[in-house]
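Please read the following walk through one protein chain with the sequence and the model side by side.

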Amino acid sequence: MSRRVRPVSHEDRLTLVEHLDELRGRLIVSAAAFGVALALCFWQNHLLLEIAAGPLPEGRKELLTFGVAEPFTTTLTVSAYGAILLSLPVVLYQAYAYVLPAFSERERRVALPVLLLAPALFLVGVAFAYFVVMPAATGFLLNFNDSQFNVQVRARDYYGFFSTTMLAGGLVFELPLAIVAVTRLGIVRIDQLRANRRYAYLAIAILAAALPGVDPITMLIEMVPLLALYELSILLARAFGSPNRAGSLGRPTTQE
């Protein structure tokens, strides 16, 4: 285990070897957190699978499997996705603790609330995908032309669709932080964000169409929060998005 698994201060001068030693320790802690979460999720896999099947309409919750190993591999895959979500706070803390010493005290007061907002936005996105997007998507897709087809739901396909939808929902809700980042770096100005709303709305429509759930109803449902998040991004960029002075975010190092 690495000797350095605690945050260093902005004034500390670390060699390249010490940086790598700290990074290795944080990766080990993150991997251990994921391993514990995976074991817990696999232990409670029946509850996890029941929760994942919740958005399915009544009468569609009995999922099919094909092949000897598919029940095990499907359960393991769903448990792994659950472990990612469960271990996310530990992984994010390790990432923050490694990155934050690059910021001065003044910059840290601005950056820390934004960094803490990232997991909150991710969880809100997951909740939105679970309670709003998934019921609408499964209800529409499974009932579309159902009189012409013998519709059966395969477990591996459904749980894969469910997992990617949850992850996509969490990631798209990080849009405000991404826009704040590019404005702080000086790549985009706030007045450009306001002036190019129509192009941004077109890009949001394309993004909503590319997300899991290919039906128009799901696309419209996903567009609404994305549009709201874009407008929120402009407000956050106005508050936190002034470009950094050159070199102010460099992580100090010395060479031996």
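This is a predicted model: local features need pLDDT of at least 70, side-chain atom pairs count only at pLDDT 80 or more; totals for chains, interfaces and linings use all residues.

Phe-42 belongs to helix 1, which covers residues 16-43, while Phe-72 belongs to helix 3, which covers residues 70-99, so the pair ties together parts that are 30 residues apart in sequence.

The order along the sequence is accordingly written α-α-α-α-α-α-α-α-α. The chain has 256 residues, and 39% of them count as buried. Its accessible surface comes to about 14,800 Å², with 68% of that belonging to carbon and sulfur atoms. Among contacts with a separation of 6 or more, 82% are between residues 24 or more positions apart.

Two residues can be followed individually. Arg-26 is found in helix 1. With 3% relative accessibility, Arg-26 falls under the 20% limit and therefore counts as buried. What does the side chain of Arg-26 contact? The side chain of Gln-94 is its partner in a polar contact of 2.9 Å. The second residue, Ala-137, is placed in helix 4. Ala-137 has a relative accessibility of 1%, which is under 20%, so it too counts as buried. From Ala-137 to Ile-221 the sequence separation is 84 residues, yet their C-alpha atoms are 9.6 Å apart in space.

The last topic is empty space. Rolling a probe the size of a water molecule over the atoms shows where such space is left. How many cavities of 30 Å³ or more does a search of the whole structure find? The search finds one. The largest cavity holds about 90 Å³ of space. Its lining is made up of 13 residues, and those nearest its centre are Val-133, Gly-169, Val-172, Leu-211 and Glu-222. At least two lining residues come from each of helix 4 (105-143), helix 5 (155-172) and helix 9 (216-240).

There is also a largest pocket, with about 490 Å³ of space. This pocket is lined by 20 residues, and Leu-48, Tyr-81, Gly-82, Leu-85 and Phe-162 are the closest to its centre. Helix 1, helix 2 (45-52), helix 3, helix 4 and helix 5 each give two or more residues to the pocket lining. Which helix gives the most to this lining? Helix 3 does, with six residues.

Terms used:
Residues are numbered from 1 along each chain as its sequence is written. Side-chain values use heavy atoms; hydrogens and water are left out. Helices (H or I, at least four residues) and strands (E, at least two) are DSSP runs, numbered from the N terminus. Buried means under 20% relative accessible area, exposed over 50%, partly exposed in between (1.4 Å probe, protein chains only). Contact means heavy atoms within 4.5 Å. Accessible areas come from the Shrake-Rupley method with a 1.4 Å probe; for residues, only the protein chains shown count as cover. A polar contact is a pair of N or O atoms within 3.5 Å; within protein, one must be able to donate a hydrogen and the other to accept it, and residues adjacent in sequence count only if both atoms are side-chain atoms. On a 1 Å grid over the protein atoms alone, a cavity is a set of points where a 1.4 Å probe fits but cannot get out, and a pocket is an open set with protein on both sides within 12 Å along at least five of seven lines; lining residues have an atom within 4 Å of a point. Grid points are joined across faces, edges and corners, and a volume is the space filled by probe spheres set on the points.
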